[in-house]
Amino acid sequence: MAAVQWKLKQAADDKFCNDNAAEGRRMAEMEKLSLVAKALTPSPIQQLSYLAQRYNAINLAEGFPDFPAPPHIKNAAVSAINSDFNQYRHVQGICDHVARKMKEMHGLDVDPLTDIVICCGQSEAFAATMFAIVDQGDEVIIFDPSYETYETCIRLAGGVPVHVALEPPNWTLNLDKLKKSFTVKTKAIVLNSPHNPTGKVFTKDELEIIAGACQTWNILAVTDEVYEHITFDKESHISLASLPEMQKRTIVTSSLSKTFSVTGWRIGWAIAPAWIASAVRNIHIRITDSAPAPFQEAALTALSSPPAYFDSLRSDYESKRDCAVNMLAEVGFKLQFKPKGSFFVFAPLPENCTLSDVEFVEELIKQAGVVAVPGCGFFHTTLCEENSSPAALSYQRRYIRFAFCKSEDTLAAASRKLSKLVDAYAILVSRVRAIRLGRLVSKNSCFKVNSLISCYVAHLAILLLAQKSEHSFK
Amino acid sequence: MASSISTAVPAPQQAAVSTQDELTQKIPTQPLQVTKRLEKFKTTIFTQMSSLAIKHGAINLGQGFPNFDGPDFVKEAAIQAIRDGKNQYARGYGVPNLNSAVAERFKKDTGLVVDPEKEVTVTSGCTEAIAATMLGLINPGDEVILFAPFYDSYEATLSMAGAKIKCITLRPPDFSIPIDELKSVVSKNTRAILMNTPHNPTGKMFTQEELNAIASLCIENDLLVFSDEVYDKLAFEMDHISIASLPGMYERTVTMNSLGKTFSLTGWKIGWAIAPPHLTWGVRQAHSFLTFATSTPMQFAAATALRAPDSYYEELRRDYMAKKNILVEGLNSVGFTVFPSSGTYFVVVDHTTFGLENDVAFCEYLIKEVGVVAIPTSVFYLNPEEGKNLVRFTFCKDEETLKSAVERMKQKLSKK
C-alpha cells in the first residue's frame, strides 16, 4: 500500500495535471484523516459569514455582540495582564462565585472545591463532559432543532446522537416522542435552555417531564445554560439540576460569554457532582490544561457584578427582542412564537414564500445586505419519528434565525434595509413561481439552486433599478 | 465500578453513594477507550508537588512556568486589543493576522513557505494542538509510537483517541534514539510517530542523523509525524531542526508550537499546528468542536510577539543560558549526576547517590527536608520503574530564586 501511494505521489509531482494521479493522491491523503473527521462537514454558519463579508452585509447571523463589552470587566482584564497574572493558573475564586450564584438562582448547594471545572468556554466544558461520560455506542438524546456542535461532540466521543423533535410552531415538548427515544443504550440527554435557535425557555412542567424520564431511565443530563441571564417577559430560567433528584445526575455547563459580552475570552465551566466533575477536569487538563489566566482573573470582577447589571442586561435585550420582532413583522414574517430567552428569533418564512431557507438567506445577503442563518443547519433527520416523511419534515427548510445581540444602530439599519426589500419581494415571489414552472416543463431542466437564484437575481435587479429611478433613497 | 471515574474525593453521603453505583453501572466494565483508560490519569503530579511545596515553603523548581513575566510589548498589545474591542469570537482556526505571523516565523525558522489560511490552525495552547491532532487524525486501534519519557498529556490524549501506544525508551546519559528498536516496533498498523524536540523532560534535542533516520522510516512506511516543538527557541547547544523541513516530510508532518514558553506567558494559551491542507482539515475539525475558537485579544498580541526582532530571541537564549549555568553548576557541586541538556529549560539528574529508594521518595524528601521542589520523572514513562532514578529540575526562574535553591541544596542535601 505504501509503495503504491509513494508512486502516486511521484506521478503527481511529475505531472501535476495528471488527473488520475492527483485523484489517487487525494484519495491517499484523505485516508490520513480519522473516520470521524472525514464524516464532518464545515460549519454552515461559518460558510455564510464568508459570503456576508464579501457583500459587506449587516450581520444578524452570528451569535455575538457588535457592541463593546462592559468597561468594568475589560478594565479587570487589563489590570490582570499588568499585574502579571499571565502564567498557568486556576483561579479558585471563580468556583466560589459560580457556587454562590447557583445557590442564589436555583437554591443548589455546590461545593466550589470539588464540583466545578473551569474550562476554555462552555464549548470546552461540553466537549470534556462528553468525553467523560460517553462511551462507544452510547446514545445521547438531543432536542431538535439544536446548536450544531452538540451532535459532533457526541460523535467525537464515540456516541450516537438521537434527536427528539420539538414541535412547531411553539416548539413544544411531546412526551410520547421523548419516551420513544429512550433505549437501553441511552446514556444522557442534552438540554439547552434558554434555547438556541428558537429562543424557547423550557417551562417547569417540561423540565419535570424531562427529569422524570432521566430518573426512570437512570440517565445523566448535560445542560447548556449560556443564555441563563437573558430571559424576557418576567420569565425565569430554571436549571434542570434544581429539580428534585436531579443534581446528582446533571452536569451544568455555562460561561461568561453571553452574559458579559466577551465571547472571545473563552472562560466557561462545568458543574457536576464531584465524581463526574473530577473526570471532566482530568479530560479538560489534557485538552487545554487551563483557561486563559488574565481572563480568569477578570471573571472574578464579572461574576461579582451587582444585580443591577443583570437587570439591565435583561431589559436591554428585551427591547432588542421587541425591535427584532417588529422589524420582521413589518417585512412580512408572521411570528406565532416570540422568543422568551436567548438573543435569537427563529422566524418561519411567510407562507406565500416558496423559497427554501438557504435560498432566502442568499437573497437576503445579495439584495438586502442583511445576513441571517438558514434554519436547516439546526435540524436533523429525526430517525425516531414514526411518521417522518418529506412532507412532515418540510418545516425544517422554512425557518430563519436572526440574532439581535446587536447595537440599536445595527438593528435600525437592518430594519431599513429589510423594508426596502419587501416591496420588490412581493413581485419576486410570483416571478419565482413562474420561473420554476417554466423550468419544470423544460426538457433540459437541470434544477440547480444556483442557476435558479441567478435567474431571479437578474429579475430582481431589473425591478430594483426600475424602483430606483422612481424613488430617491433616504 | 465507582473507581472507573472517581478519584480521591471526600466520601459522598449515603444517598449519593447508591446513586453513584447505579449510575456507574451504566458504564461498561470492559476496558473501553475513555472512562476506564482515564482511571490512572488522576490529579497530575505537578499539582500534587505544588501543594506540598506551598505547605513546606519550598522553592519550586518543579513546575515548568516562569516566576517572571512576559515582555511588556506583548502585554501592551493584548491590552490594546481588549480596549479596541477585540473581545468576541475570533475566526475558528485563528485571527488572520496571527496565522500570517505564524507562517512568517515558520519560514524564517525552516525555510518552508506555508499558506496561513490553509495550513495554520490556532489552538488554546500546544496542549490543544496535540489533542486536536490526535482526535482529528488517529482512529481507534491505530498504533502511535511515543518516546519515553514524555510530556504527561500525550498518553492521556492518545487514550482518548483510542490509539495503541508503542513506546521507545530514551536512556541516559544522552537519551539518544535507539533506531533499530524504533524500526522494530513499526507495524502495518502504525499510523504516526509523536515526537518532542527540544525534549521535555530531558532537554535532549533530536540530531540531524536521528531526524534523517526517523524521516526514512516514515516515508518508507507512510507514517505521519506529530512534532511538538514548543521549546524550539530555547535551543542552547545546537540548532533546532524541524522534521517538517526534511525532504519528503512536510506533507506528512504536523508541527506544533506555542507562545507560552518563548514569551513567558504560559497562561495565555495560544498555540498552533502547521500542516499540509489535507492534515490541517482533520486538526481543524477536531479543534472546532473541542474549543470552537481561541481567545481573541491574546491572538492579536501573539501576532505582535511573533514579529519580534531577532534580538529578542538572542536575549532570551542568553538569559536562559545564564540561568542554566547557575543551576547545573549547583547541581553538580551538590553531587547529582547531571545529564547534558541541549535545550528546553529542564535538566534531569540521577538522584540515587542520596540514598532514597525512588524518584517520588526523593522529591518528597527534597521538599520536606531541603525546601526545594523537583518533579519525579517516573510519571513521564509508561512503565514508572524506568524513571525511578531520575528527577527533573527547571531553570525558568529568576536568578535569585535559582541561587537560593542551590544554596539550600548545598546546605542540606547530603550523600548517603
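Buried means under 20% relative accessible area, exposed means over 50%, and partly exposed lies in between. The exercises below use this scale on a predicted model.

**Exercise 1.** Classify Arg307(B) and Glu104(B) as buried, partly exposed or exposed, and state how they interact.

Solution. 
- Step 1. Arg307(B) has a relative accessibility of 38%, so this residue counts as partly exposed.
- Step 2. Glu104(B), at 42%, is partly exposed as well.
- Step 3. The two residues form a salt bridge, with the closest N and O atoms 3.1 Å apart. Because Glu104(B) sits in helix 4 (residues 96-110) and Arg307(B) in the loop between helix 11 (296-306) and helix 12 (310-334) of chain B, the bridge ties together parts 203 residues apart in sequence.

**Exercise 2.** Find the partner of Lys233(B) in a salt bridge, and decide whether each of the two residues is buried or partly exposed.

Solution. 
- Step 1. The partner is Asp109(B), and the closest N and O atoms are 2.8 Å apart.
- Step 2. The pair links distant parts of the chain: Asp109(B) belongs to helix 4 of chain B, while Lys233(B) lies in the loop between strand 6 (224-228) and strand 7 (253-258), 124 residues away.
- Step 3. Lys233(B) has a relative accessible area of 13%, so Lys233(B) is buried. Asp109(B), at 35%, counts as partly exposed.

**Exercise 3.** Locate the salt bridge between Lys340(A) and Asp233(A), and name the network that contains these residues.

Solution. 
- Step 1. The side chains of Lys340(A) and Asp233(A) meet at 3.5 Å, N to O.
- Step 2. Lys340(A) is in the loop between helix 13 and strand 9 (344-348) of chain A, and Asp233(A) is in the loop between strand 6 (220-224) and strand 7 (250-255) of that chain. The pair is 107 residues apart and links distant parts of the chain.
- Step 3. Lys340(A) is partly exposed at 30% relative accessible area, and Asp233(A) is partly exposed at 31%.
- Step 4. Salt bridges with shared partners join Asp233(A), Glu318(A), Arg321(A), Asp322(A) and Lys340(A) into one network. Over all chains, the structure holds 33 salt bridges.

**Exercise 4.** State which residues form the negative surface patch that includes Asp316(A), and place Asp316(A) in the chain.

Solution. 
- Step 1. The patch is formed by Asp66(A), Asp316(A), Glu408(A) and Asp409(A).
- Step 2. Asp316(A) is found in helix 13 (residues 307-331) of chain A.
- Step 3. Patch residues need over 30% relative accessible area. Asp316(A) has 45% and is partly exposed.

**Exercise 5.** Describe the backbone at Pro197(A), Pro149(B), Ser264(B) and Lys269(B).

Solution. 
- Step 1. The peptide bond from Asn196(A) to Pro197(A) is cis, with omega near 15 degrees. Pro197(A) lies in the loop between strand 5 (186-192) and helix 10 (204-217) of chain A.
- Step 2. The bond from Ala148(B) to Pro149(B) is cis, with omega near -5 degrees. Pro149(B) is in the loop between strand 3 (143-148) and helix 7 (153-160) of chain B.
- Step 3. Ser264(B) is not a glycine, yet has a positive phi of about 50 degrees. Lys269(B) also has a positive phi, near 60 degrees.
- Step 4. Ser264(B) is buried at 4% relative accessible area, and Lys269(B) counts as buried at 5%.

Terms used:
Residues are numbered from 1 along each chain as its sequence is written. Chains are lettered from A and ligands numbered from 1 in the order in which they are written. This is a predicted model: local features need pLDDT of at least 70, side-chain atom pairs count only at pLDDT 80 or more; totals for chains, interfaces and linings use all residues. Side-chain values use heavy atoms; hydrogens and water are left out. Patches are made of residues with over 30% relative accessible area and no salt bridge: like charges are joined within 9 Å, nonpolar side chains (Val, Leu, Ile, Met, Phe, Trp, Tyr) within 5 Å. Accessible areas come from the Shrake-Rupley method with a 1.4 Å probe; for residues, only the protein chains shown count as cover. A salt bridge is a side-chain nitrogen of Lys or Arg within 4 Å of a carboxyl oxygen of Asp or Glu. Lys and Arg count as positive and Asp and Glu as negative; His and the chain ends are not counted. The place of a charge is taken as NZ of Lys, CZ of Arg, CG of Asp or CD of Glu. Helices (H or I, at least four residues) and strands (E, at least two) are DSSP runs, numbered from the N terminus. Buried means under 20% relative accessible area, exposed over 50%, partly exposed in between (1.4 Å probe, protein chains only).
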